[in-house]
Amino acid sequence: MATIIRETEVATGREYLSGLYAPVPDERVAADLPVDGRLPTDLDGIFVQNMPNPAFDPGAGHSWFDGDGMVHSVEIRNGRATYRNRFIETAGLKEDRAAGRATYVGSLALPGLGKRHKNTANTDLIWHGGRLLALWWEGGVPYEISLPSLETVGTFDYAGTLDRGMTSHAKLDPNTGEMYFISWGTKRPYLSVGVATDDGRIARTVDIDLPGPRVQHDMAISGKYVCVFDFPLAVDLREDAPALGFKMTPMPSRIGLLSRADLDAPVRWFEAEPCYMWHVMCAYDDGDDFVLLGVRTHEATDVDAEGKHRGDRPLVDGEHRFDSYLHEWRINTATGAVTERDVDDALAEFPRVNDRYMARRQHVGYLALVDGDAPTLRAKGIARYDLDDYSRQDVLFPEACYGYEPCFAPKMGATDEDEGYILNFVTDSERGTSELWVTDAQHFAQGPVARVKLPRRVPPGFHGRWIEASKYAEKC
Ligand SMILES: [Fe+2]
């Protein structure tokens, strides 16, 4: 289990700079896009996806995670689609533009090679309190993005009440307007939980006592609990380590539950099998049970002393590989008993649910089916799970076509959890063309009802959202 992931300065992440992943240089707007099939008229809003897109040739230690944030969007109104893409104009990107080159080094660079930890805002997007916020996986201050233009408004620090970073992925309870988020770092407190209210302020920040710095990426909320993790993927604090060197340490995983009703109460920790997990699908309360679903990896692979990839599975950032499978943890909060199991043997990532059901019992989930034969992390299709029996339906992409996270968009006036569409970009790696696929979630296995032809290749991205037009636009 214990695996030292990184010992030498070898990886470049350049696998994620060419071909399918090559960054796009320009910003475009294209209306009335051609469509194979028929765009639903019960969708009225905009699909936005965040992704890394280096504006300049990256410096040392570049990782896929380091590229400048770029948002690609498809707005669907009255059965017509409009594409836009735009850089997130972060302070770091402005420094680079002024210099005419990349002035930061990547997260895999060793010390002394240049400026580190550029807040690229490239990871997730979330609508909260009337704003679209772009979040960065390391934390930092969110950037507000205007819709539908994708123009960067600037940083948004919750009227000065955000005193720590806000890490992707924040979790919004749509019933209360509360958005929970984590902050993490290499100094104490290694982890904290914050609560933002939809009037634009941070209501609470609670420190979580961890034995050391951990790589934190996701969290969960149910009706009763905020869920945080103490997984054995530590930040490498050696002086000669890269900015974000990771190392697996031989210890169990712990799942921590905070009471949403009393955040001052001590965190209750529950021990689980060693693992790591980048992304949660969902969590919910089931009587005394707290149920957590996510894509869990048993171990992280490494590179050998020569810097060669030892495994035959996709690398995530140029040097780390995580083989993830949909996994269920069930924690009995009365007895402390933890039961867990892989619920499928399909390689998976980027799980999602209908965000309107966040913190409630959820019955349907979606994820990307990872191509285990590809040299980089990419999906060969998407899947829908019935979360009551874990039965699965697949939509596979054509040969040489790849995609990423499936995002759920409710139909206008929807009353059922799965009454909506799955939206995801699909890119043909040979032709260099991209489409937006629109799949009816209630007739998932039938495949997309519409394939929107985009005016350019969209590189593989991280996370996306559907924002209803009623939130950002005048009626048209
Ligand atoms: Fe993520």
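A residue counts as buried when its relative accessible area is under 20%, a cut-off that applies to the legends below, all of which show a predicted model.

**View 1. The whole chain, with its predicted confidence.** The chain of this predicted model contains two helices and 33 strands, and of its 476 residues 61% count as buried. Among contacts between residues at least 6 apart in sequence, 61% join residues at least 24 apart. The mean pLDDT of the chain is 89, with 88% of the residues reaching 70 or more. Where pLDDT is low, the predicted coordinates should not be read in detail.

View 2. The protein donors of the iron ion are the NE2 atoms of His169, His217, His279 and His463, which lie 2.1 to 2.2 Å from the ion. The angles among these four donor atoms run from 87 to 173 degrees, and the site is classed as irregular. Along the sequence, the donor residues follow the spacing H-x47-H-x61-H-x183-H. His169 belongs to the loop between β9 (152-155) and β10 (171-172), whereas His463 belongs to the loop between β32 (450-453) and β33 (464-468), so this pair ties together parts that are 294 residues apart in sequence.

**View 3. Burial of His169 and His463.** His169 has a relative accessible area of 4% and is therefore buried, because the cut-off for burial is under 20%. His463, with a relative accessibility of 4%, counts as buried too.

**View 4. The largest pocket and its lining.** The largest pocket has a volume of about 590 Å³. It is lined by 33 residues, of which Ile126, Leu172, Asp355, Arg356 and Arg465 are the closest to its centre. The elements that contribute two or more residues to this lining are β6 (124-128), β10, β20 (276-286), β24 (348-352), β29 (407-410) and β33.

**View 5. The largest cavity.** A search of the whole structure finds six cavities of 30 Å³ or more, and the largest cavity holds about 220 Å³ of space. Of the 21 residues lining this largest cavity, His62, Asp66, Tyr104, Val105 and Lys118 are the closest to its centre.

Note on methods
Residues are numbered from 1 along each chain as its sequence is written. This is a predicted model: local features need pLDDT of at least 70, side-chain atom pairs count only at pLDDT 80 or more; totals for chains, interfaces and linings use all residues. Side-chain values use heavy atoms; hydrogens and water are left out. pLDDT is the predictor's confidence in each residue, from 0 to 100. Donors are N, O and S atoms within 2.8 Å of the metal (3.2 Å for Na, K and Ca); water is not among the atoms, so sites may look incomplete. Four donors count as tetrahedral if all angles lie between 85 and 135 degrees; four count as square planar and six as octahedral if opposite donors are over 155 degrees apart and all others between 65 and 115; anything else is irregular. Helices (H or I, at least four residues) and strands (E, at least two) are DSSP runs, numbered from the N terminus. Buried means under 20% relative accessible area, exposed over 50%, partly exposed in between (1.4 Å probe, protein chains only). On a 1 Å grid over the protein atoms alone, a cavity is a set of points where a 1.4 Å probe fits but cannot get out, and a pocket is an open set with protein on both sides within 12 Å along at least five of seven lines; lining residues have an atom within 4 Å of a point. Grid points are joined across faces, edges and corners, and a volume is the space filled by probe spheres set on the points. Contact means heavy atoms within 4.5 Å.
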